[in-house]
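Subject: Structure handover

Hello,

The structure we discussed is below. My notes follow it.

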Amino acid sequence: MSEEHSPDGTGEEKVDAQAVFEKISDKNEEDTCIYARYSETSEQYDMTVVVHNYNGPRETAAIAAECFTTNRDNVYILDVAAGTGLCAVELRKHGFLKMDAMDASPGMLDRAKEKGLYDRYTVGILGENTLDTLTDTYDAIVMCGFSIEIMQRLPIIAFEELIRIVKKGGYIINTGWATMFSDDDAKSEDLRRKFKILEEQGKWKLVQLKRFHNYFKGYDGTVSVHMICT
């Protein structure tokens with residue numbers, strides 16, 4: 001059964017959590033404004049997602065564990081849109097220890113630093129820019145809860161940059177709303193088109209697509225796993 005709220009959330013917490021959610025998911029705002037709003041609400045973020053029954057990080061980590069069945073302590077992961085580090089908490093439960101964080105919101109990364117979850121913390125934005133990271137640095141990239149409004153506006157070169165910094169045979173694991181990967185969802189059609197172009201170009205290959213219940217607020221989510229081919 002899908003549940004919108006955690007049974008442990010109080011009435012006041014539910015009201016506060018909804019206010020934060022609405023603030024950071026305003027589809028009419030520019031990307032820079034959304035990043036700023038994440039910073040402004042960073043101290044309330046963990047409470048917000050717990051109350052809203054957010055299970056994306058847990059599913060992401062479980063899929064990563066399936067991809068890397070041995071020597072997880074040596075697997076080097078970049079957590080893109082790392083936020084307050086919720087994904088790293090779950091990854092550590094599976095034995096992953098070598099992790100860097102990248103997020104466009106300084107306030108969110110400050111919360112992650114307080115937890116001491118990553119080796120490096122980078123305030124970075126995906127777009128037309130080249131990432132300040134060497135080619136073939138990481139074994140995997142995880143992205144969980146990346147703002148769909150922002151992701152849909154990213155140019156294809158942004159995904160090419162992520163592919164560039166992951167080793168051949170490594171993975172990009174992306175967890176989000178189930179509608180993002182549904183052919184029935186017109187809003188995410190251009191994003192799916194970009195993903196398919198990259199596959200047709202031989203840059204990555206979709207090796208797993210798993211739908212699961214209770215991603216966020218009772219709605220289904222999906223984890224995609226692309227293997228790097230170049």
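Helix 4 is mostly covered, with nine of its twelve residues buried (buried is under 20% relative accessible area, exposed over 50%, partly exposed in between, with a 1.4 Å probe and protein chains only). Helices (H or I, at least four residues) and strands (E, at least two) are DSSP runs numbered from the N terminus. This is a predicted model, in which local features need pLDDT of at least 70 and side-chain atom pairs count only at pLDDT 80 or more, while totals for chains, interfaces and linings use all residues. Residues are numbered from 1 along each chain as its sequence is written, and side-chain values use heavy atoms, without hydrogens and water.

Among the buried residues of helix 4 are Gly56, Pro57, Glu59 and Cys67. The buried residues of this helix pack against helix 5 (86-93), strand 4, strand 5 (166-177), strand 6 (204-216) and strand 7 (219-228).

Eight of the ten residues of strand 7 are buried, so strand 7 is largely enclosed by the rest of the structure. Strand 7 runs antiparallel to strand 5, joined by seven bridges (strands pair if DSSP finds at least two bridges between them); Asn174 stands opposite Ser224. Strand 7 also pairs with strand 6 in the antiparallel sense, over nine bridges, and Gln208 has Val225 as its bridge partner. Strands 6 and 7 form a hairpin with two residues between them, and Lys217 in the turn has a positive phi of about 55°.

Val80 is in contact (heavy atoms within 4.5 Å) with residues including Met102, Leu126, Ile141 and Phe146, leaving aside neighbours within four places in sequence.

Regards
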